[in-house]
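Work through the exercises below with the structure open beside you, and try each task before you read its solution.

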Amino acid sequence: MVAINCDMGEAFSIYRCGDDEGLMPLITLANVACGFHASDPRVMRRTVALAKEHGVRVGAHPSLPDREGFGRREMKLEREELTAAVIYQVGALAGFLRERGMDLSHIKPHGSLYGMAARDEQVAEAIADAADVFGVPLMGLSGTAHERVWGERGFIAEYYADLDYRPDGSLIITRVHEAFDPVESARGAVRAVTEGVTTAIDGTEIPVRADCVCVHSDTPQGGRGREGGQRGPAALSVLNHPEHEESHGPPRGHLAHPRRLLPPARPGQRSVRHRGPARGRRRRRLPRGGDEVLPPGRGGRGRDGGRVPRGERGRRGGGATGRGDRADRHRGRVKRLLVANRGEIAVRIIRAARDLGISTVAVHSTADAAAPHVRLADTAVEIGPPPAGKSYLLADAIIEAARAAGADAVHPGYGFLAERAAFAAAVADAGLIFAGPDASVIEQMGDKVRARQVAAAAGIPTMPGTSWGVTDLETALSEAARIGYPVMLKAAAGGGGRGIRVVDDEAGLRGAFGTASKEAASAFGDGRMYLERYIRRARHVEVQVLGDGADVVHLGERECSLQRRRQKMVEEAPAPGIDPDLRAAMTAAAVRLAREVGYRSAGTVEFLVDDETHEFFFIEMNTRIQVEHPTTELVTGLDLVAEQLRVAAGERLRLRQEEVVARGWAIEFRVCAEDPERDFLPAPGRVGRVVLPSGPWVRVDTWLESDSAVPPFYDSLLAKVVVWGEDRPGAIRRSRRALAELTVDGIPTTAGLCAELLDEPWFATGAFHTGTLEQWLPDRRKAAR
């Protein structure tokens with residue numbers, strides 16, 4: 001059984017929120033509203049009594065002193081003032097609990113206080129001071145300031161079953177699933193708790209820590225709601241008994257199980273639409289699939305989405321050879337290609353296929369029915385409702401669509417299923433060509449530990465560090481001498497910043513080791529320390545490779561250091577500040593690694609470069625086409641997607657290494673539907689006028705059009721503005737012109753921020769690293785005030 005928490009007892013003026021009576025028997029922990037945003041003491045007292053009746057533990061749910069806005073408006077308070085406000089509210093609930101002979105279980109902030117504490121460690125500290133008064137743990141989101149600050153005091157990590165996550169792991173608090181399904185959400189929640197992963201709104205898989213699951217009671221999706229019926233109780237019943245779903249009765253109507261192969265066509269419309277004079281009249285009958293329910297792990301969300309059991313696949317042996325031999329049997333001329341993606345990359349792949357004379361099949365969710373990639377393709381197949389977990393991540397639906405549409409190959413693009421070995425294997429087992437590396441290679445390089453082992457075996461530098469917890473100073477000194485200073489000390493048994501020290505030499509290590517170890521022991525009950533080389537100024541540089549399974553060439557490197565929360569914003573090729581010797585060593589290492597695994601297709605080997613020592617270290621290999629591939633295309637004159645398709649069809653590489661010549665400089669800017677002035681809050685909505693830049697050596701990869709809608713279900717990327725110049729100064733000048741020509745009316749974007757970067761001295765000189773953007777953004781906000 002999974003521990004479930006729910007916000008309870010919320011009242012505002014004459015309004016009541018949620019179905020406390022209906023949900024209380026189904027939960028483990030109740031977060032009872034206890035103050036400014038829910039100021040009815042009678043409701044609070046009644047909720048405590050209800051919790052005791054059902055044996056539910058009670059935690060406090062305090063808010064900012066925002067009575068008019070129900071605690072959802074951000075307010076600026078001094079630390080002592082905020083601590084006092086929280087103590088005041090929690091104390092009221094503690095009194096009602098004492099009246100019933102109950103103890104306070106935990107504290108979970110409400111509304112904007114929750115969000116502020118996730119971002120701001122000072123706010124989190126103020127709340128922690130209040131929790132110390134009552135001696136209880138705090139509940140919040142892993143990977144945020146909640147965990148960093150509260151982890152040392154006792155921390156309960158929660159997963160939201162009825163809200164969405166961004167790719168960086170942050171929660172979209174203000175928007176609930178558009179299409180909520182209790183079975184789907186319950187399985188996702190169980191997976192978050194047991195496996196530590198979930199699927200973000202753009203389809204990418206992200207790590208989460210979850211000790212319990214939160215389902216809201218004050219939304220149609222979570223509880224009673226005006227239109228929601230009994231969706232909350234249904235979801236909680238499934239969540240409590242995921243292995244006995246049938247005992248609660250099958251979901252009905254819009255809650256019917258979403259795991260179907262292909263959706264039924266609407267009246268007057270075919271599920272598969274064909275275009276062109278020759279194909280336009282051909283009608284194909286497709287399986288309805290509406291009554292089919294796939295077992296857990298088949299076509300669902302997460303790492304195992306679309307996994308086909310080995311016994312069903314007829315896998316011959318293990319390792320690269322068995323998989324490669326099977327994939328080879330299907331290689332041959334590609335005549336019809338299904339593009340298993342959406343947005344700009346789907347448009348890009350369709351155009352490359354058309355240039356090669358290959359007809360194309362688009363797949364789309366109902367939200368993308370009118371999208372450009374659907375109109376560009378020769379055939380379109382609708383595969384499910386808007387959420388990626390019910391459409392673009394359903395491997396079985398995509399493979400069935402390929403069969404129904406007569407495709408002989410599948411290109412995954414990037415994101416979604418692109419780096420899932422199970423999907424590549426299922427495509428091959430269906431007798432289709434996978435336009436990417438073999439499944440065994442995806443599996444091998446997708447495992448960070450195995451990838452590092454392969455890299456080390458190939459003689460490629462990996463980040464020096466210990467592989468175990470060090471318990472004594474003498475061993476630490478010996479390992480530090482081997483690793484090389486500066487060294488970072490980390491608590492082997494925990495996180496949240498506790499026990500971390502950076503030391504520059506032996507004297508610093510002698511002074512810091514004992515203190516850091518004691519701090520770790522106090523926080524986690526374990527004083528073991530992990531040592532790792534510390535790079536003060538690191539650059540993120542990646543090398544593009546292209547292989548045919550026997551030979552490999554590199555197409556140069558790209559600079560990817562300008563990142564925010566590990567999301568790249570600007571990329572360029574080549575990388576500034578990389579001298580010829582370092583470039584030669586890195587590209588040779590990338591080729592060596594790709595050859596080591598028999599790489600077939602386009603891929604990227606990523607390195608971390610010490611800006612001071614010019615050492616480089618292997619990070620990972622991306623076994624797909626990259627978002628930033630256009631920069632390499634502009635400096636080499638090669639179509640990487642076309643090369644992928646040629647290799648997938650069984651062709652050998654068409655060029656030797658000496659034939660790869662890079663000319664000039666290319667810079668790519670990611671224009672996203674995000675508001676930089678509101679901490680990059682995603683900004684889906686209706687777009688008015690769109691004007692795209694053009695002219696010499698300006699390229700725009702996009703799906704965006706005037707009078708179109710940006711859906712809230714996927715990645716926020718609108719367009720990639722890519723420019724080329726004879727040298728870097730020339731490329732920067734052309735970038736200014738291109739970004740000035742770009743117009744997107746109706747929603748905020750990051751285009752203006754990209755233009756600002758061009759005027760920064762550190763950008764002009766190329767003197768930046770992976771921390772530069774994160775350091776610059778707060779300074780920019782302060783200067784704007």
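**Exercise 1.** With which side chain does the side chain of Glu344 make a polar contact?

*Solution.* This is a predicted model, in which local features need pLDDT of at least 70 and side-chain atom pairs count only at pLDDT 80 or more, while totals for chains, interfaces and linings use all residues. Residues are numbered from 1 along each chain as its sequence is written, and side-chain values use heavy atoms, with hydrogens and water left out. The partner is the side chain of Tyr414, at 2.4 Å; a polar contact is a pair of N or O atoms within 3.5 Å, where, within protein, one must be able to donate a hydrogen and the other to accept it, and residues adjacent in sequence count only if both atoms are side-chain atoms.

**Exercise 2.** Decide whether Glu344 is buried or exposed.

*Solution.* Begin with the location, which is helix H11 (residues 343–355); helices (H or I, at least four residues) and strands (E, at least two) are DSSP runs, numbered from the N terminus. Glu344 is buried because its relative accessibility is 3%, and buried means under 20% relative accessible area (1.4 Å probe, protein chains only).

**Exercise 3.** Find which strands stand at the edges of the sheet of eight strands.

*Solution.* First write the order of this open, antiparallel sheet, S27-S26-S23-S24-S25-S28-S35-S33, where two strands pair if DSSP finds at least two bridges between them. The edges are strand S27 (616–622) and strand S33 (698–702), each with a single partner strand, so one side of each has no neighbour in the sheet. Finally, S27 pairs with strand S26 (residues 600–610) over six bridges, and Glu620 in S27 is the bridge partner of Glu606.

Methods
Buried means under 20% relative accessible area, exposed over 50%, partly exposed in between (1.4 Å probe, protein chains only).
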